[in-house]
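Welcome! Please take a moment to look over the chain before reading on. The briefing below starts with a question and then goes topic by topic.

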Amino acid sequence: MPVSNRIAALRPEIEAWRRALHAEPELLYDVTDTAAFVSARLTEFGCDAVVTGIGRTGVVGLIHGRDGAGGPMIGLRADMDALPIVEETGLEHASRRPGAMHACGHDGHMAMLLGAAKGLAETRGFSGTVALIFQPAEEGGAGGKAMIEDGLFERFPVTHVYGMHNLPGLPVGKFGMRHGAIMASTDEFVITLKGRGSHAAMPHRSADPILAGAALVQALQAIVSRNTDPLKSLVVSVTQFHGGYAHNVIPETAEVSGTVRALDTGMRDLAEHRIREIAAGIAAAHGLTAAIDWDRNYPVTVNDGAESDFCAEVAMDIVGPANVDANAPPLLAGEDFSYMLEAKPGAYVFVGNGDSSGLHTATYDFCDEALVYGSSFWVRLVERALPLR
Ligand code: NI
C-alpha cells in the first residue's frame with residue numbers, strides 16, 4: 001500500500017492548513033489561536049471528543065473505530081509551538097507575527113496529524129480508539145510533561161504513544177527510526193565564578209574570574225576527550241561567557257554557561273559530576289568560588305525496540321523497504337516527547353524533509369511534499385496497531 005488515496009486527495013487541504021498555521025506562529029504555552037484552529041478542525045471532522053486546556057493549552061481529539069468506544073487506545077502526538085526567530089524565507093505564507101516562526105516544522109507536524117484525523121474519522125477502518133495529542137511548549141517549555149502532569153494518560157489511557165519529526169537532509173518520502181536512544185537529553189548549566197575585583201594595574205590584589213573562566217572553558221573540553229568512552233556520545237558545549245565591563249577593571253564575577261547532550265543517563269550523570277568537580281577545582285586553583293546552577297532538562301528520547309520495528313514496517317507499507325532506515329543515526333538535539341516515552345511504550349520516527357534549510361534557522365520551511373507521507377504513516381499505523389475485529 002503506497003500513500004493512501006484518501007490522503008492524496010486531501011493533500012490540497014492539508015497543505016492549506018499547514019500554510020495557515022505557518023503564517024500565525026505562537027510560542028511555548030501561548031498557542032491559544034493554534035489550539036483553537038486544531039480543535040475547530042477536529043470538531044469539523046466528527047471526532048468523538050475534543051478536549052482542550054490539557055497542560056494549559058494542549059488539545060486531545062478522540063476517534064473511535066468502527067465498533068465504537070471500548071477496546072484499546074493508542075496515542076499519536078504532534079507539537080504546536082514555534083520559535084522566537086525572525087523569519088527570512090520571504091514566502092507568501094511566511095510568519096505574520098514578528099519574532100515568531102515555525103522554524104522546526106511543527107506546522108507540518110500538526111497538518112499531518114490533522115490530515116490523518118480527517119481520513120480516520122471518515123473511514124474508521126480500525127477497532128479501538130485513537131487519541132490525537134497536540135501539545136504546547138515543545139521548544140524548551142516541557143509541554144509534553146505538563147500534559148502528563150495534568151492527567152493526560154489517566155484521562156486517555158493509551159497503551160502506546162507515537163511521535164514524528166521532520167528531518168532536513170533526509171529525502172522526502174523516506175523514514176528513519178532506531179531502537180533505543182534517538183534524541184538526546186538536554187541539560188543546561190550556569191557557573192558563576194566569584195573572586196575579588198581590583199584595578200587592572202594591580203592584579204595581585206584580585207582573584208581574577210576572567211582568567212579562571214578561561215581556564216574553566218578549556219578544562220571542560222577534557223570531559224569529552226578524556227572522561228568519555230570513545231564509543232559513546234556526549235556533547236559539552238560552553239555557549240556563553242559573560243564577565244567584566246571596563247578595560248581597566250578586573251571584575252568580581254564571571255559567568256560561564258552551556259549545555260550537555262547525552263544519549264544515555266550514565267553519560268548524562270558523568271558530565272554533571274565532572275563539570276561540578278572541574279568548576280570547583282579550577283575555582284579553588286585560582287582562589288575563588290564556583291556556584292553552579294544546574295537545570296536537568298529533557299530526558300533522553302528512548303524508542304522501544306519492538307515499537308521502532310513496528311513503525312519501520314508501517315513506513316515500509318507506504319514507501320517500500322528501500323526508503324526506510326530502521327537503524328537511523330540519533331540526533332543530539334532534545335525532544336520533550338521523551339517524557340511520553342518514559343510513561344508509555346512507543347516510538348519516535350523521522351520523516352524526510354528533503355533538501356531544506358536546517359531546523360531552527362530563519363530560512364527553514366516544512367516541505368509540503370512530505371505531508372502526504374506523514375499523514376499516510378499515521379493512518380496506516382492506526383490500522384495496523386488497532387486492526388478491525
Ligand atoms: Ni521540533
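Which residues of α7 are buried? They are Met267, Arg268, Ala271, Glu272, Ile275, Ile278, Ala279, Ile282 and Ala283, where buried means under 20% relative accessible area, exposed means over 50% and partly exposed is in between (1.4 Å probe, protein chains only). This is a predicted model, in which local features need pLDDT of at least 70 and side-chain atom pairs count only at pLDDT 80 or more, while totals for chains, interfaces and linings use all residues. Residues are numbered from 1 along each chain as its sequence is written, and side-chain values use heavy atoms, with hydrogens and water left out.

**The chain as a whole**

- The chain has ten helices and 16 strands; helices (H or I, at least four residues) and strands (E, at least two) are DSSP runs, numbered from the N terminus.
- Along the principal axes, the C-alpha atoms fill a box of roughly 80 × 45 × 40 Å.
- Of the 389 residues, 53% count as buried.
- Among contacts (heavy atoms within 4.5 Å) with a separation of 6 or more, 82% are between residues 24 or more positions apart.

**The nickel site**

- Cys104 (SG), His106 (NE2) and His165 (NE2) are the protein donors of the nickel ion, at 2.2 to 2.3 Å from it. Donors are N, O and S atoms within 2.8 Å of the metal (3.2 Å for Na, K and Ca), and sites may look incomplete because water is not among the atoms.
- The spacing of these donor residues in sequence is C-x1-H-x58-H. Cys104 lies in the loop between β3 (73–79) and α3 (106–123) and His165 in strand β5 (residues 160–167), so this pair ties together parts that are 61 residues apart in sequence.
- Cys104 is buried, at a relative accessible area of 6%, and His165 is buried too, at 5%.
- His106 lies in helix α3 and is buried, with a relative accessible area of 0%. Beyond its neighbours within four places in sequence, His106 touches Asp79, Met80, Asp81, Glu138, Glu139 and His165.

**Helix α7**

- Helix α7 (residues 265–285) has 21 residues and reaches 30 Å from its first C-alpha to its last, close to the 30 Å expected at 1.5 Å a residue. The expected span is 1.5 Å times one less than the number of residues.
- An α-helix has 3.6 residues a turn, so residues three or four places apart point the same way.
- The buried residues of α7 pack against β8 (185–194), α6 (209–227), β10 (234–243), β12 (253–262) and β13 (289–295).
- On the face turned away from that buried side sit the exposed residues Ala284 and Ala285.
- At the start of α7, a side-chain oxygen of Asp264 comes to within 2.9 Å of the backbone nitrogen of Gly266. After α7 comes Gly287, with a positive phi near 75°.

**Helix α8**

- Helix α8 (residues 305–319) has 15 residues and reaches 21 Å from its first C-alpha to its last, close to the 21 Å expected at 1.5 Å a residue.
- Its buried residues include Phe310, Cys311, Val314 and Ile318.
- The buried residues of α8 pack against several elements, among them β5, β16 (346–352) and α10 (371–385).
- At the start of α8, a side-chain oxygen of Asp304 reaches to within 3.1 Å of the backbone nitrogen of Ala306. Gly320, whose phi is positive and near 85°, follows α8.

- Ile7 belongs to helix α1 (residues 5–23) and is buried, with a relative accessible area of 1%.
- The C-alpha atoms of Ile7 and Val372 are separated by 6.1 Å, although these residues are 365 residues apart along the chain.
- Ala291 lies in strand β13 and is partly exposed, with a relative accessible area of 45%.
- Leaving aside neighbours within four places in sequence, Ala291 is in contact with Val190, Ile191 and Thr192.

Key. A polar contact is a pair of N or O atoms within 3.5 Å; within protein, one must be able to donate a hydrogen and the other to accept it, and residues adjacent in sequence count only if both atoms are side-chain atoms.
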